[in-house]
Amino acid sequence: MMTPHDVPASMFIDRLAKYLMENVDEVQPLPWAPFAKTGSHVEKQPQNSAWWYTRSASIMRKVYVHGPIGLENLRSDYGGRKNRGSKPNRAAKSGGSNIRKALKQLEAAGLIQITRPQGRIMTPKGRKLSQEVAGDLAKELYKAVPELKKYQGE
């Protein structure tokens, strides 16, 4: 059984974002999403029109890999360097609203759940979806690069 640990993260997130866009009705960009920055450390809003699905898929992968995980850890993960002009750059956390709303949508879809006080964890439904997406991606990778089969572990 393949997990998100076993496939490249960027490919997994792209595939999961596409799945969320097409099949999960609860995950939808909010009306303010096209105009919002993702944090105080960025200068413009995301240029990708489907950034909400990509961020939701990335959050879902982080909950799978690092869970239980809370909002503040996710804000730190998605943060970056804030340009302060002539002063030295400093670390800045990402904005919390878009992460919080994406977490709420994933909870409404039944893919993650909250456990107090630890944070969010995957539900069996979310774990199954992640493993299915990773398995499909691994099969395609094995067809494209047969040498990867030796890392399969079977």
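Gln105 touches Glu26, Val27, Gln28, Leu30 and Trp52 (contact meaning heavy atoms within 4.5 Å), not counting residues up to four places away in sequence. This is a predicted model, in which local features need pLDDT of at least 70 and side-chain atom pairs count only at pLDDT 80 or more, while totals for chains, interfaces and linings use all residues. Residues are numbered from 1 along each chain as its sequence is written, and side-chain values use heavy atoms, with hydrogens and water left out.

**Gln105**
- Gln105 is found in helix H4 (helices being DSSP runs of H or I with at least four residues, numbered from the N terminus).
- Its relative accessibility is 10%, so Gln105 counts as buried (under 20% relative accessible area with a 1.4 Å probe, protein chains only, whereas exposed means over 50%).
- The side chain of Gln105 reaches the backbone oxygen of Gln28 at 2.8 Å.

**Helix H1**
- The buried residues of H1 are Phe12, Ile13, Leu16, Ala17 and Leu20.
- Because they cover an arc of only 130° around the axis (taken from the directions from the helix axis to the C-beta atoms), these residues lie on the same side of H1.
- They pack against H2 and H5, while the face of H1 turned away from its buried side carries the exposed residues Ser10, Asp14, Lys18 and Glu22.

Definitions and conventions:
Helix = DSSP H or I, 4+ residues; strand = E, 2+ residues; numbered from the N terminus. Polar contact = N/O pair within 3.5 Å; in protein donor to acceptor, adjacent residues only side chain to side chain.
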